[in-house]
Amino acid sequence: MSHNRRALALRQQGLVASIMDFETSERDSLGDLQLHTRNSHEHNLPVRVSIYQNNLKAIANRALNICYPVITKMVGDTAMGLLSQKLLQREPFTTGDWGEWGSQLAALIASTPLTEGYPFLIDVAHFEWIRHQSSRDKVAIIDADSLTLLEQSDLNSLYIKLSDSVRTFASDFPLDTLWQVHQDSEDQKGLVPKLRRELEKSGEQYYFVVSSAQFQAQHQRISREEYLWITSLAEGLSLYELLTQFPVFDFPAWLKRSIENRHFSHFYTTRNSD
C-alpha cells in the first residue's frame, strides 16, 4: 500500500512539473518585455484586488474539485490548483453559478503535456463533466399511463421521451473502472488488476450511459448496440424506426432497465408530444 502511495506521489509531482514547464514555455513566448510589464503590474496591484484574485482562485479550485473528484485524485491538489488558475483565463466565470463553470477542463488538459503519459485524462474529464451535468438534472417521473400507448398506437408515430439527465459517452478507455479505482471504498479488491488488463487491451471501445438518481449521477457500461439505440432515440426516431434499425435489440429488457433507472419519462405520439 505504501508503495502505491509513493508511486502516486511521484506521478503527481511529474504532472505538476509538466504543467509548470508548459506555463513557463507559454510565458517565454510572449517576450521578455511583455512579461516584465505584466510582472511589474502584478507587484503593484492594490491589496484588495490581490485578495479578491486569491479568493477567486480558491473558489475556482474548489469548484473543479467538486466537478472533477477523480481528476483531482489522479493529478493531485497542486496540479489541480494550477489547472484551475489556467482555466479561469480560458473560461472566465460569468454565470454566477460555479456549478456551471469548468466545462472546458478537458480541452485545457488536451493542450498541455499531461496527456503524453496519461492519454485517458481527457476522456476522464469529459466523463466527469457529463456526470456533473446529470447530477444537476431532475430525476424523471415516469408516466405509467403512457405505457398503454405501446398497445394502442401505431409504432411509426410512437416516440419515447428520454430523461433530461440521460447522456451517453464512448471512449477508448474503461472509464467506469478508472472511476471506481479512485473511490474511497473498501470494495476495491481486484479492481487494479482488472484496470490493468483493460488498459492493456488494444482497439477496445467502451460505451456508457449516465443519468441522475436523486441528484447524484450514476453510470453504467452498456453495449455498443444499446449506445446506438439511445443516441438514435435522442435524435427523435420513432419506435418503429428504432426497431427496424435495430432488429435484434432486446427492447423489453431495455424498457425494464430504463424504468428501474428512470432513463425516460413517457411515451408520446406525434399528435401529443408534450
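**How the terms apply here**

Modeller: Strand E1 (residues 158-162) and E5 run antiparallel and are joined by five bridges. This is a predicted model, where local features need pLDDT of at least 70, side-chain atom pairs count only at pLDDT 80 or more, and totals for chains, interfaces and linings use all residues. Residues are numbered from 1 along each chain as its sequence is written, and side-chain values use heavy atoms, with hydrogens and water left out.

Biologist: What makes E1 and E5 a pair?

Modeller: Strands (E, at least two residues) and helices (H or I, at least four) are DSSP runs, numbered from the N terminus. Two strands pair if DSSP finds at least two bridges between them, and here there are five. Tyr159, for one, has Tyr268 in E5 as its bridge partner.

Biologist: Why is strand E5 (residues 264-269) called largely enclosed?

Modeller: Buried means under 20% relative accessible area, exposed over 50%, and partly exposed in between (1.4 Å probe, protein chains only). Six of the six residues of E5 are buried, so the rest of the structure largely encloses this strand.

Biologist: And how do you know that the span of H7 agrees with expectation?

Modeller: The expected span is 1.5 Å times one less than the number of residues. For the 15 residues of H7 that gives 21 Å, and the end C-alpha atoms are 21 Å apart, so the two agree.

Biologist: What makes H7 largely enclosed?

Modeller: 12 of its 15 residues are buried, so the rest of the structure largely encloses H7.
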